[in-house]
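Here are my notes on the model, point by point. Have the structure open while you read.

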Amino acid sequence: MLTNTRNVWARRTRRLIIAAALACAGSTLPPSSSDAATARVRWLPSESAAITHYDVYVRNAEAIYDEGPAWSGTPAPDADGLLEALVTFTPAAAGANYFSIVAVKGPVTSPLSHELPTGTPAACRVDECTTQTSCDFSELPDGTSCSDTTGDPCLSQCRAGVCATATGSGGASTEVEVDRLRFTTAGSTVKAKLGGEFPADTAISPATTGAVVELRAQDGTVLYSSSIAAPSFTTTPSGRRFTFGATRADPDPGWNGLSRLKLRRSGSKWDLTARLDSPALLEASLESTITLVLRMGATCFRRLDATCELKPSGSTCS
């Protein structure tokens with residue numbers, strides 16, 4: 001019975017502590033400073049009346065939580081019911097610091113909350129911990145979008161763990177002419193059909209580079225993304241046709257509902273067709289303008305700000 005009680009407490013605490021990390025405020029000094037800084041951290045209290053105190057942990061980017069808590073205590077709730085602590089820490093010389101919270105009940109602690117960074121996290125690297133010593137410090141796949149200041153989502157992408165400007169004969173200047181992009185709602189999911197073309201003067205080989213398909217809002221926010229690894233494509237000996245078809249038996253989460261993607265060279269152009277089926281398409285289907293991005297290695301194709309006609313049955317963009 002004691003085990004069951006602890007499990008319920010841990011689940012409740014984790015759910016509440018996740019909200020805490022989202023309420024963490026930034027440091028009062030820049031991360032490059034070698035002086036101490038202070039972060040204002042706020043969180044929802046646990047439902048358990050037996051909580052003895054809370055611990056706030058801080059780590060540097062790509063480092064485990066190898067020290068004890070930066071703050072411990074049991075603050076009184078504010079007027080809005082949230083707890084608050086001012087946490088003193090030493091900012092990382094470069095990159096970011098990550099904050100996480102646990103609730104303590106005697107000898108038992110809750111799981112780490114979801115982390116929240118301050119400073120400048122590396123755009124092309126995974127940096128997350130699920131326990132104080134179990135962390136993932138890896139590179140994001142090549143071709144993943146990373147932030148830039150130009151407003152063009154094709155100009156910046158991850159390569160070998162670094163955010164870099166796209167290069168290649170296609171580059172960011174190659175436009176996709178969208179023949180159709182139609183969204184339809186089907187129960188709890190949204191389906192989409194895409195058809196378009198782009199010039200064939202660009203050499204492509206998704207069977208070598210893989211492909212990333214994105215739908216973005218007008219401000220560049222990624223609303224939908226699907227990543228197809230190179231081995232998932234089949235090709236003809238002539239290299240004039242590349243086909244991806246999702247398998248239902250063992251779907252890859254990275255496909256994100258993309259069930260078919262075809263690229264066929266026809267004369268002076270490449271024909272592009274795709275089918276998608278995912279609840280993740282809902283937000284994109286409600287936009288008045290959509291940016292389509294197709295990335296293959298360092299070469300990028302896009303259609304900026306396609307105008308969408310919204311209807312009760314779905315929307316059509318061109």
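1. Start with the aromatic cluster: Trp43, Tyr54 and Trp71 are joined by ring pairs. Rings of Phe, Tyr and Trp (its six-membered ring) pair if their centres lie within 6.5 Å, with planes under 30 degrees apart called stacked, over 60 edge-to-face and the rest tilted. That rule gives eight aromatic pairs. One involves tyrosine 57 and tyrosine 65, edge-to-face at 6.1 Å centre to centre and 75 degrees between the planes. Tyrosine 57 is buried at 10% relative accessibility, and tyrosine 65 is buried too, at 4%. Buried here is under 20% relative accessible area, exposed is over 50% and partly exposed is in between (1.4 Å probe, protein chains only).

2. Some bookkeeping before going on: this is a predicted model, where local features need pLDDT of at least 70 and side-chain atom pairs count only at pLDDT 80 or more, while totals for chains, interfaces and linings use all residues. Numbering runs from 1 along each chain as its sequence is written, and side-chain values use heavy atoms, with hydrogens and water left out.

3. Next, look at phenylalanine 244 and tryptophan 255, an edge-to-face pair with 5.1 Å centre to centre and 70 degrees between the planes. Phenylalanine 244 belongs to strand E17 (residues 241-245), and tryptophan 255 to the loop between E17 and strand E18 (258-266), eleven residues apart. Both partners are buried: phenylalanine 244 has a relative accessible area of 0% and tryptophan 255 has 10%.

4. There is also a charge over a ring: arginine 59 lies over the face of tyrosine 98, 4.3 Å from the ring centre. The criterion is NZ of Lys or CZ of Arg within 6 Å of the ring centre and within 35 degrees of the ring normal.

5. Which residues have a positive phi without being glycine? Glutamate 62 is one of them, at about 55 degrees, and asparagine 256 also has a phi of about 55 degrees. Most residues other than glycine have a negative phi. Glutamate 62 is in the loop between strand E2 (53-60) and strand E3 (71-73), and is partly exposed at 34% relative accessible area. Asparagine 256 sits in the loop between E17 and E18 and is partly exposed at 24%.

6. For the overall fold, I have three helices and 22 strands; these are DSSP runs numbered from the N terminus, helices (H or I) of at least four residues and strands (E) of at least two. Of the 318 residues, 41% are buried.

7. Now the open space. The largest pocket holds about 430 Å³ and has 16 lining residues, with Gly257, Ser259, Arg275, Leu276 and Asp277 nearest its centre. Strand E12 (177-186), strand E13 (189-199), E18 and strand E19 (269-278) each supply at least two lining residues. On a 1 Å grid over the protein atoms alone, a pocket is an open set with protein on both sides within 12 Å along at least five of seven lines, a cavity is a set of points where a 1.4 Å probe fits but cannot get out, and lining residues have an atom within 4 Å of a point. Grid points are joined across faces, edges and corners, and a volume is the space filled by probe spheres set on the points.

8. What lines the largest cavity? Leu194, Val213, Leu261, Leu272, Ala274, Leu292, Val293 and Leu294 do, around a volume of about 30 Å³. Strand E20 (289-296) and E19 each give at least two residues, with E20 giving the most, three.
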